[in-house]
Amino acid sequence: MDAEQDSLANPFSMDADCRNCDSLCEARSNVVHGYGDVGAEFLFVAERPHAGADRTGVPFTGDAAGRRLQSILGELGFARSEPDSEEPDLQNVFLTYLTRCRHPERAPTDEEVRTCEPYLNAEVRMINPEIIVPIGQRVLDALATDYTTNRPGDIDAREAHATTIRGRGFELVPMVDLESQTDAQTEAFVEHLLENVFSRDYRQTKGRRGR
């Protein structure tokens with residue numbers, strides 16, 4: 001964790017009682033802002049909090065999806081806690097979402113994603129990571145539009161899973177949704193980072209570009 005950082009949870013003190021989306025406010029249990037090391041080189045972004053995170057208020061905790069990601073982070077050396085931790089001990093990684101609230105019956109609307117975008121913009125700008133991991137097709141479409149020359153739908157998340165895409169100031173390493181991710185896909189993702197990302201100086205892609 002960054003030496004000047006007091007807490008891994010919502011380190012940028014974003015609005016924990018955000019009321020911008022009426023439908024989500026009525027349905028959510030918690031606003032789930034980003035969590036992790038503010039000096040991180042790696043940023044993982046999912047579409048919305050999973051059911052466990054909605055309950056705990058901490059990204060990627062409290063359910064099978066969270067355990068899978070925390071297990072991945074442990075294999076990569078980013079997590080020093082058990083995969084079922086509700087307060088993961090992280091280093092060099094930050095976890096966040098396109099939208100910060102979960103509706104139990106549907107995905108966020110395009111308007112809700114746009115309303116929440118300033119939160120993600122601020123995190124990307126302040127963290128300035130070298131590697132961004134978009135989890136799922138919707139996140140890949142959003143980030144590819146902002147950081148590459150691709151348009152939404154140009155890159156298929158399943159085909160691009162565990163590969164590296166050169167962006168403007170960052171590199172993207174797409175991951176398929178955690179809920180549908182197989183053990184083989186998890187293994188391929190970990191192997192790609194260990195053998196093809198950690199083994200070289202990925203810092204050459206680092207930029208100072210805001211979204």
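Which residues gather in a patch of negative charge on the surface? In this predicted model, the patch is made up of Glu75, Glu187, Glu191 and Glu195. Helix H7, residues 183-197, supplies the largest share, with three residues. Glutamate 191 sits in helix H7. Its relative accessible area is 41%. That value makes glutamate 191 partly exposed, because the partly exposed class lies between the buried limit of 20% and the exposed limit of 50%.

Now turn to the loop between helix H2 (51-56) and helix H3 (64-75). Threonine 61 is found there. Is threonine 61 buried or exposed? Its relative accessible area is 0%, so threonine 61 counts as buried. One of its polar atoms lies 2.8 Å from the backbone oxygen of valine 58.

Phenylalanine 60 belongs to that loop between H2 and H3 as well. Phenylalanine 60 is not a glycine, yet its phi is positive, at about 60°. With a relative accessible area of 1%, phenylalanine 60 is buried. The loop between H2 and H3 thus holds phenylalanine 60 and threonine 61; phenylalanine 60 is buried, and so is threonine 61.

Serine 13 also has a positive phi, near 55°, and is a residue other than glycine. Where is serine 13 found? It lies in the segment before helix H1 (22-27). Serine 13 is exposed, with a relative accessible area of 64%, whereas phenylalanine 60 is buried.

Conventions:
Residues numbered from 1 in each chain as written. Predicted model: local features only at pLDDT ≥ 70, side-chain atom pairs only at ≥ 80, totals over all residues. Heavy atoms only, no water. Patch = residues over 30% accessible without salt bridge, like charges linked within 9 Å, V, L, I, M, F, W, Y side chains within 5 Å. Areas by Shrake-Rupley, 256 points an atom, 1.4 Å probe, with all protein chains shown as cover. Salt bridge = Lys/Arg side-chain N within 4 Å of Asp/Glu carboxyl O. Lys, Arg positive; Asp, Glu negative; His and termini not counted. Charge placed at Lys NZ, Arg CZ, Asp CG, Glu CD. Helix = DSSP H or I, 4+ residues; strand = E, 2+ residues; numbered from the N terminus. Buried < 20%, exposed > 50% of the residue type's maximum accessible area, 1.4 Å probe, protein only. Polar contact = N/O pair within 3.5 Å; in protein donor to acceptor, adjacent residues only side chain to side chain.
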